[in-house]
Amino acid sequence: MSKLIITCAITGSRIQKKDTPLIPISPEEIAESAIASVKAGASLLHIHVRDPKTEIGTQDRSIYERVLSLIQEEVDPVICLSTSGVPGKNLDHEKRLIPLELGPDMVSFDAGSMNLGDSLFLNPPDFLELLAKKAKETHVKLELECFHSGMVHTCIQMIEAGLIERPPHFQLVLGVRGGAPATLNSLINMAAMLPQGSTWSVIGIGSAQLQMGIHALLMGGHVRVGLEDNIYYRKGQLATNEQLVKRMVNLSRELGRDIATPDEARELLGLPPRMNALDSKRR
Ligand code: ZN
């Protein structure tokens, strides 16, 4: 089995201080939590940024830049920026594509439209094609977020059509309302569909974060933890990102699987070392 890539999803776009005081909102808080997570063992960061006034997600370029520069002063993880915008607020396509201009290693690619909790999450075919095309042009790898098996199928069709580059990296999202349930059966079925040469990781929502993560650990997949998907360490006890990463590091080591460093994660994902603009700026 390969070393384990732990992705930490630092903040997402929806959870606010009233939900947990531990959710990072300001650029400084997001960067501080991200740096602690990398030092704890996360090799890949999935990043959204927030409007400090409303606390809700934003695609504001300057906030993204501030967060990235603070993080990259201290640590050098694989950077994946979100293109999801704010579910329920249907941002125009151009705004959602802003992260591609910031030189990340990866951006998220939500592989279809769906009901997401009480909102509509719109990812129509023309947006998916535009995002895939821009990612190819800018040499940014896609994090293929699939909320059910139909989305896996969509990605496979786009890979076969040459719209999405190989090797693909899938992020299987289990347990959101409107998507596939967080069960071992869902995970096995979706993982079995993936093309040869793929890497994959799992997101379990809420208390399923730990359970799905352990299944993926044993199956040879990779794992995403973090407050975007789950705010509790255990029932009644709020978590920090760092704590959630540390727990996964400990579990993986106990099960005999070593943790990938950022450079090892780049290699496992087929990313060229230090490929992007931010990297070259930093050197
Ligand atoms: Zn996200």
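**Exercise 1. Two helices**

At what angle do helix α7 and helix α8 pack, and how far apart are their axes?

*Solution.* The model is a predicted one, and the geometry below is computed from it. Two packed helices are described by the angle between their axes and by the distance between those axes. Helix α7 covers residues 208-219 and helix α8 covers residues 241-254; they pack at an angle of about 35°, and their axes are 11 Å apart. The next step is the sense of the crossing, which is right-handed where α7 passes α8. The residues that make this contact are Q209, L210, G213, I214 and L217 on the α7 side, with L244, R247, M248, L251 and S252 on the α8 side. Sorted by class, the contact of α7 with α8 consists of six nonpolar, three polar and one charged residues.

**Exercise 2. The zinc site**

Identify the protein donors of the zinc ion, and work out why its site is classed as irregular.

*Solution.* The angles among the four donor atoms run from 51 to 130°. Because a tetrahedral site requires all angles to lie between 85 and 135 degrees, the angle of 51° rules that class out, and the site is irregular. Turning to sequence, the donor residues follow the spacing H-x1-H-x179-E. H48 sits in the loop between β2 (44-47) and β3 (49-50), and E228 in the loop between β12 (222-225) and β13 (232-234), so this pair ties together parts that are 180 residues apart in sequence. As for accessibility, H48 is buried at a relative accessible area of 5%, and E228 also counts as buried, at 14%.

**Exercise 3. Two isoleucines**

Determine for I6 and for I188 whether the residue is buried, partly exposed or exposed.

*Solution.* I6 belongs to strand β1, residues 6-9. Its relative accessibility is 0%, and I6 therefore counts as buried. Leaving aside residues up to four places away in sequence, the residues touched by I6 include G41, A42, L44, V223, V225 and I259; among them, too, are V245 and M248, and M248 is also one of the α8 residues in the contact with α7. I188, by comparison, is placed in helix α6, residues 184-193, and with a relative accessible area of 39% I188 is partly exposed.

Methods. Residues numbered from 1 in each chain as written. Predicted model: local features only at pLDDT ≥ 70, side-chain atom pairs only at ≥ 80, totals over all residues. Heavy atoms only, no water. Donors = N, O, S within 2.8 Å, 3.2 Å for Na, K, Ca; no water. Tetrahedral: all angles 85-135°; square planar, octahedral: opposite > 155°, others 65-115°. Helix = DSSP H or I, 4+ residues; strand = E, 2+ residues; numbered from the N terminus. Buried < 20%, exposed > 50% of the residue type's maximum accessible area, 1.4 Å probe, protein only. Axes fitted to C-alpha atoms, helices over the stretch in contact; angles between N-to-C directions. Left-handed = near helix turned anticlockwise from the far one by under 90°. Contact = heavy atoms within 4.5 Å. Nonpolar A, V, L, I, M, F, W, Y, C, P; charged D, E, K, R; others polar.
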